[in-house]
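Please open the structure in your viewer and keep the selection tool at hand. The tour below moves from one selection to the next and says what is to be found at each stop.

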Amino acid sequence: MGYELEWLGINGWKIAFDDVRLLIDPWVTRYFTGTFSPGGQDPDTEIVWNRTIIDDKFSRPVDMVLLTHGHFDHISDVPLIAAITGATVWGTESHLNLVRSLAARTGTALDENKLSLLRGGELRDLGAFTITVLRSVHRPFGKNQIAPVAQSSWQVDPSIRSIKELGEGGSLNYVISNSGASTLMVLGSGDFSVSDLPITCPDAVILPTGGANVAQMVQRFVERVGRPRIVIASHWDNFDLPLNPPVDVGNVPALKAAVADAMPDTRFVIPVPGSPITL
């Protein structure tokens with residue numbers, strides 16, 4: 001297919017193809033939030049940054065950062081990463097306002113000419129490759145499957161300090177088509193908007209684990225889109241702990257079983273930190 005992927009943990013990815021380098025939801029500063037503990041997540045957990053890890057992981061230039069939504073485990077490190085790599089940041093108005101706020105908190109210079117506003121529905125033709133932007137929805141939480149409030153940020157507030165202040169701000173998915181016309185779809189959570197799915201089935205899909213409804217989610221995907229050749233598990237590790245070794249809290253076996261049942265000919269890939277995946 002012509003793609004090389006590296007998993008950064010959670011839904012973070014480095015993706016290289018042709019002469020292009022891009023990042024999806026790059027967050028590498030991991031700290032304890034209580035999310036996977038008996039007491040649950042502490043929404044007042046202060047946002048912090050591990051600049052040593054960020055500097056080490058993002059030492060090469062990057063063309064763009066694609067944001068799927070604005071939660072802390074997707075967006076917190078982005079201003080620092082953009083400054084280091086020179087990347088253009090793609091996201092909704094709310095995502096970009098959060099990036100501006102986080103930049104102010106970290107004292108990071110932000111180039112407004114490298115903030116690319118999206119609403120979903122765009123087809124960005126970049127010469128030898130294209131990126132299609134799809135509107136999406138965030139996976140619901142909890143036993144009652146209550147959808148989280150979008151918490152859109154319509155103004156820049158540099159006083160942001162805790163993880164609860166980084167709201168979803170709308171969700172986006174992406175379909176990348178490289179110079180060989182091979183397509184890679186990236187989802188931001190284990191759900192999607194059925195009215196905003198690709199017309200043709202992508203060759204490969206980066207698919208976050210879908211929690212309790214994983215089997216139904218995979219079946220809905222097959223019914224609406226088809227059966228991709230490759231499915232790559234994403235957003236399944238315990239981000240309260242170090243990435244290596246990753247601890248599965250997203251139930252990768254359930255996702256693997258659902259894919260095997262609904263897509264028997266599909267290759268299922270479980271990423272390993274630090275090990276590139278060649279498609």
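Begin by selecting Ile176 together with Leu184 of strand E10, which stand opposite each other. This is a predicted model, in which local features need pLDDT of at least 70 and side-chain atom pairs count only at pLDDT 80 or more, while totals for chains, interfaces and linings use all residues. Residues are numbered from 1 along each chain as its sequence is written, and side-chain values use heavy atoms, with hydrogens and water left out.

Helices (H or I, at least four residues) and strands (E, at least two) are DSSP runs numbered from the N terminus, and two strands pair if DSSP finds at least two bridges between them. E9 and E10 form a hairpin with five residues between them, and in the turn Ala181 has a positive phi of about 65°.

Now show the side chains of E10 (residues 183-186): Thr183 and Met185 point one way, Leu184 and Val186 point the other way, and all are buried. Here buried means under 20% relative accessible area, exposed means over 50%, and partly exposed lies in between (1.4 Å probe, protein chains only).

The structure holds seven salt bridges, and one of them joins Asp196 to Arg135, with the closest N and O atoms 3.3 Å apart. This pair links distant parts of the chain, as Asp196 is in the loop and Arg135 is in strand E8 (residues 130-136), 61 residues apart. Asp196 counts as buried at 17% relative accessibility, whereas Arg135, at 40%, counts as partly exposed.

Select Asp191 and Arg220 as well, whose side chains meet in a salt bridge (3.2 Å, N to O). Asp191 lies in the loop between E10 and E11 and Arg220 in helix H5 (residues 214-224), so the pair ties together parts that are 29 residues apart in sequence. Asp191 counts as buried at 14% relative accessibility, and Arg220 is partly exposed at 30%.

Which residues have the most contacts inside the largest nonpolar core? They are Leu5, Ile15, Leu22, Val218 and Leu279, in a core of 54 residues, a nonpolar core being a set of buried Ala, Val, Leu, Ile, Met, Phe, Trp, Tyr and Cys residues joined through side-chain atoms within 4.5 Å. Centre on Leu5: leaving aside its neighbours within four places in sequence, Leu5 is in contact (heavy atoms within 4.5 Å) with residues including Trp13, Ile15, Leu184, Ile206 and Leu279. Apart from this core lies another, of 30 residues, among them Leu23, Phe58, Ile75 and Val99.

Finish at helix H3 (residues 78-85), which is mostly covered, six of its eight residues being buried. The buried residues are Val78, Pro79, Leu80, Ile81, Ala82 and Thr85, and what covers them includes strand E3 (20-24), helix H1 (51-57) and helix H4 (93-106). Just after H3, look for Gly86, which takes a positive phi of about 75°.

Notes. A salt bridge is a side-chain nitrogen of Lys or Arg within 4 Å of a carboxyl oxygen of Asp or Glu.
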